[in-house]
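Please view the sequence and the model together while reading.

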Amino acid sequence: MAVATQEKPPIQWWLVLIQGIATLLIGIFLLTDPVLTSRMIVFYIGIYWLVTGVLSLVRIFTDRGNTVWKLISGIIGILAGWFLVSNITDGATLVFGIAAVIILGVQGIIMGIFGLVESFQGAGWGPGIIGVISIIIGLMLLGSPLGYALVLPWVIGIFAIVGGIFTIFFAFRLRSA
């Protein structure tokens with residue numbers, strides 16, 4: 001006689017809960033003190049890039065494949081990380097925000113073009129409409145990157161609060177499963 005065993009969820013519920021709480025807190029911090037929180041985020045991104053750049057260079061000696069790519073990404077990671085960590089001012093944070101807005105604008109245009117192509121290839125009106133909206137948003141972002149960079153912490157903060165709340169609810173649903 002076989003005994004039925006209950007399968008555990010692949011993710012521990014309390015890890016999801018911690019992630020939701022952390023996301024919620026970051027969102028609150030971004031809304032209450034966007035300048036300091038943005039500075040901290042940029043600083044930690046700089047540390048991350050610095051560490052991953054060093055690790056990329058170390059991997060050259062442990063894995064001989066793609067040596068040139070590891071060297072280039074390691075050097076760029078170290079330089080970018082060092083720049084962010086050593087120049088953590090409001091100006092550097094704003095430049096980082098402007099760069100993020102430009103990347104989002106270009107990404108929106110590219111995704112919009114793919115949506116339009118997909119629509120013309122018979123995927124229907126949905127991808128075409130989303131493609132046009134993506135292109136418009138991308139052009140808006142590229143049209144005023146400074147303005148959008150200044151409001152970016154609040155936008156991310158709102159998304160983080162909403163996402164954190166949903167993640168917390170999901171964690172408790174996972175717990176009861």
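Which helix gives the most residues to the nonpolar patch?

## The nonpolar surface patch

H6 gives the most to the nonpolar patch, with nine residues. The model examined here is predicted. Together, the residues of the patch expose about 940 Å² of accessible area on the surface. They are Leu31, Leu146, Leu150, Val151, Trp154, Val155, Ile158, Phe159, Val162 and Phe166. Of these, isoleucine 158 has its place in helix H6.

## The largest pocket

The largest pocket has a volume of about 460 Å³. It is lined by 21 residues, of which Pro34, Ser38, Thr93, Ala149 and Pro153 are the closest to its centre. Two or more lining residues come from each of helix H1 (13-32), helix H2 (34-62), helix H4 (90-123) and helix H6 (145-176).

H6 gives the most to this lining, with seven residues. By class, the lining holds 17 nonpolar residues, three polar residues and one charged residue.

Leucine 36 is found in helix H2. Leucine 36 is classed as partly exposed because its relative accessible area is 41%, a value between the limits of 20% and 50%.

Isoleucine 165 lies in helix H6. The C-alpha atoms of isoleucine 165 and glycine 20 are 6.5 Å apart in space, and 145 residues separate the pair in sequence. Is isoleucine 165 buried, partly exposed or exposed? Isoleucine 165 has 37% relative accessibility, and therefore counts as partly exposed.

## Asparagine 66 in the loop

Asparagine 66 has its place in the loop between H2 and helix H3 (67-86). What is the phi of this asparagine 66? Its phi is near 55°, a positive value in a residue other than glycine. Most residues other than glycine have a negative phi.

Asparagine 66 is exposed, because its relative accessible area is 60% and the cut-off for that class is over 50%.

Notes
Residues are numbered from 1 along each chain as its sequence is written. This is a predicted model: local features need pLDDT of at least 70, side-chain atom pairs count only at pLDDT 80 or more; totals for chains, interfaces and linings use all residues. Side-chain values use heavy atoms; hydrogens and water are left out. On a 1 Å grid over the protein atoms alone, a cavity is a set of points where a 1.4 Å probe fits but cannot get out, and a pocket is an open set with protein on both sides within 12 Å along at least five of seven lines; lining residues have an atom within 4 Å of a point. Grid points are joined across faces, edges and corners, and a volume is the space filled by probe spheres set on the points. Helices (H or I, at least four residues) and strands (E, at least two) are DSSP runs, numbered from the N terminus. Ala, Val, Leu, Ile, Met, Phe, Trp, Tyr, Cys and Pro count as nonpolar, Asp, Glu, Lys and Arg as charged, and the others, Gly among them, as polar. Patches are made of residues with over 30% relative accessible area and no salt bridge: like charges are joined within 9 Å, nonpolar side chains (Val, Leu, Ile, Met, Phe, Trp, Tyr) within 5 Å. Accessible areas come from the Shrake-Rupley method with a 1.4 Å probe; for residues, only the protein chains shown count as cover. A salt bridge is a side-chain nitrogen of Lys or Arg within 4 Å of a carboxyl oxygen of Asp or Glu. Buried means under 20% relative accessible area, exposed over 50%, partly exposed in between (1.4 Å probe, protein chains only).
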